[in-house]
Amino acid sequence: MTESLIRSAGGLALFLLGMLTMTDGLRGVAGRGLERTLERLTRSPTSGAATGAVLTALIQSSSATTVLAVGFVGSGLLDFANALGIVIGSNVGTTVTGWIVAAFGVQLELGAIAPVALLPGVLARLFARGRARDAGGALAGFALLFMGIDALRDGLAGFQGLVEPAHFPPDTWVGRAELVGIGAAITLVTQSSSAGVALAIVALSNGLVALPQAAALVVGMDVATTATAALATIGASLPARRTGLAHVIYNVLTGIGAFALLPAFAAAVARFAPDVAAQRPELALVAFHTFFNFAGVVAVLPVARPFARLVEAIVRDRPTPFTRRLDRRLLAEPAIAARALGPTLDELARKTFATLGELLDGRAGARERLDLVELAVGETQAYLAAIPVVPARAAGRPSLAQQRVMHALHALDRLDRLVARGHQTDRIDALRADPELAALRARASDLLRACAQDARRGGDALAKLASELEASEHAARERAVAATAAGAIPTETALERMDAHRWAERVAHHAWRIAHHLAALEGDTPLGAIPGDDRR
């Protein structure tokens, strides 16, 4: 019995390894065509469901399909309702694995000839390039999958006579519920519904469980696939959290419907397909798995958009701490909405200045804080874009609300550029590592951290630093070139110095403009462009 248990565990492990390897290979073969296919074919929840089903069947990974859908929602290429179609369609695509196992793995015993395909697949994975390398990985994974099924079938065969259907919960409502729980636990342990379904198919073919019992196990496995998706949404983006919740709700509802259908399924098979139930029960099992997933898609698609709105209402957009003042109810009054931008931009600017200073000082966690600022800049840009356009006054003179919007637009543009500069790690590293730039780094860092205390009042000091750096840029470039010519520093270091000097000048320049526009927003300076404000 111990040997059978070890062999069964090894077979399940081989199956999981084969699934992972095959999925990675198939995704590599498909390349960016996956993204283009999703974007091109998804025009409605219905087309999204069809695309999600076919794509998941081809790459054998509902997770990969779901991740692509989430990415498209986040980038604005798909609305959430259409992406929801992809997610529910992927459930149908995953049933293909069950058909492969039932039709080929159990009866044909392909595990015996799988090593013939394994060797060329591994060789291609090791030595080929490009898509040939990925195709080799897919072939090797396919071979491992059938070798795992073969080992799993032989291992479970050792339990015949020791484990029988009578040892499992009976075919009652309570017993079926217990089996659903067992199926869910198997998927939670293996982290793969495909592996769980394969285990149920092989156990059924070896007579360890009866068909109704195996069907209840599969229902539990199908519902438990959402556990991983639910955990992955913790701390994730808004589209990912909404997609994860929609996946959980949909699979739970589908599981409840499938659970209710279990007695009718057993009766239908016994009446209309007794030979299949007796000779090929695994085919009846995967047919049931496919049926209730397909039925779930058919039931949800007509209400996909209301369902999407419900999920959006449950998982609301949580603004970053910096944008808490930007209440969308204020958009009905453009002047008030524009006024709310002032304190928000001031806080954002101060946080941006402080974060850039921390980056220059090499403080831990500065990168994460920069990402939060970047997210807040995007939220503020969306709010600004939603403020209604107010007609200009007579003689074309802008209203106060228009002036505030214009200054906010300038400030946001500069903040966006500052955040982009903060992501230029090579130039920041050069400022921190090069002794020649130590004084410049220290001065820039000190000034940015000082301006973080009062962003509006730092304009004069920032303007002075930007002017001095601009005036000294040519001399700094000449010194770097001369040092390279003399063999004192390599060419790469000279280029890094020039880029770092230019980085500091642009950061000071953008920060100066931000300070000017923030002061204008508060009414401290008149509206108007500063000389050179069109510079990048």
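**Ground rules.** I number residues from 1 along each chain as its sequence is written, and side-chain values use heavy atoms, with hydrogens and water left out. Since this is a prediction, local features need pLDDT of at least 70 and side-chain atom pairs count only at pLDDT 80 or more, while totals for chains, interfaces and linings use all residues.

**Cavities.** I looked for cavities first (on a 1 Å grid over the protein atoms alone, sets of points where a 1.4 Å probe fits but cannot get out; lining residues have an atom within 4 Å of a point). I found 2 of 30 Å³ or more. Grid points are joined across faces, edges and corners, and a volume is the space filled by probe spheres set on the points.

**Largest cavity.** I noted a volume of about 40 Å³. Which helices each supply at least two residues of its lining? They are H20 (438-451), H21 (459-485) and H22 (491-521), helices being DSSP runs of H or I, at least four residues, numbered from the N terminus. H22 gives the largest share, 4 residues. Among the lining residues I listed Leu447, Leu462, Trp503 and Val507. By class I got 9 nonpolar, no polar and no charged; Ala, Val, Leu, Ile, Met, Phe, Trp, Tyr, Cys and Pro count as nonpolar, Asp, Glu, Lys and Arg as charged, and the others, Gly among them, as polar.

**Second largest cavity.** This one holds about 30 Å³ of space. Thr94, Thr97, Gly98, Ser193, Ser194, Val197 and His289 line it, which I sorted into 1 nonpolar, 6 polar and no charged. Helices H5 (80-105) and H9 (193-205) each supply at least two of the lining residues.

**Cores.** Next came nonpolar cores (buried Ala, Val, Leu, Ile, Met, Phe, Trp, Tyr and Cys residues joined through side-chain atoms within 4.5 Å). The largest has 52 residues, and Leu341, Leu345, Phe353 and Trp503 touch the most other members. Elements giving two or more residues to this core include H16 (334-361), H17 (366-386) and H22. I also wrote down a second, separate core of 46 residues, with Ala140, Leu204, Ala216 and Ala284 among them.

I then checked Phe353: leaving out residues up to four places away in sequence, Phe353 touches Leu418, Leu448 and Ile514, among others (contact means heavy atoms within 4.5 Å).

**Thr56.** I found this threonine in helix H3 (residues 45-59). Is Thr56 buried or exposed? It is buried, at a relative accessible area of 1% (buried means under 20%, exposed over 50%, partly exposed in between; 1.4 Å probe, protein chains only). Its side chain reaches the backbone oxygen of Gly52 at 2.7 Å.

How values were computed:
On a 1 Å grid over the protein atoms alone, a cavity is a set of points where a 1.4 Å probe fits but cannot get out, and a pocket is an open set with protein on both sides within 12 Å along at least five of seven lines; lining residues have an atom within 4 Å of a point. A polar contact is a pair of N or O atoms within 3.5 Å; within protein, one must be able to donate a hydrogen and the other to accept it, and residues adjacent in sequence count only if both atoms are side-chain atoms.
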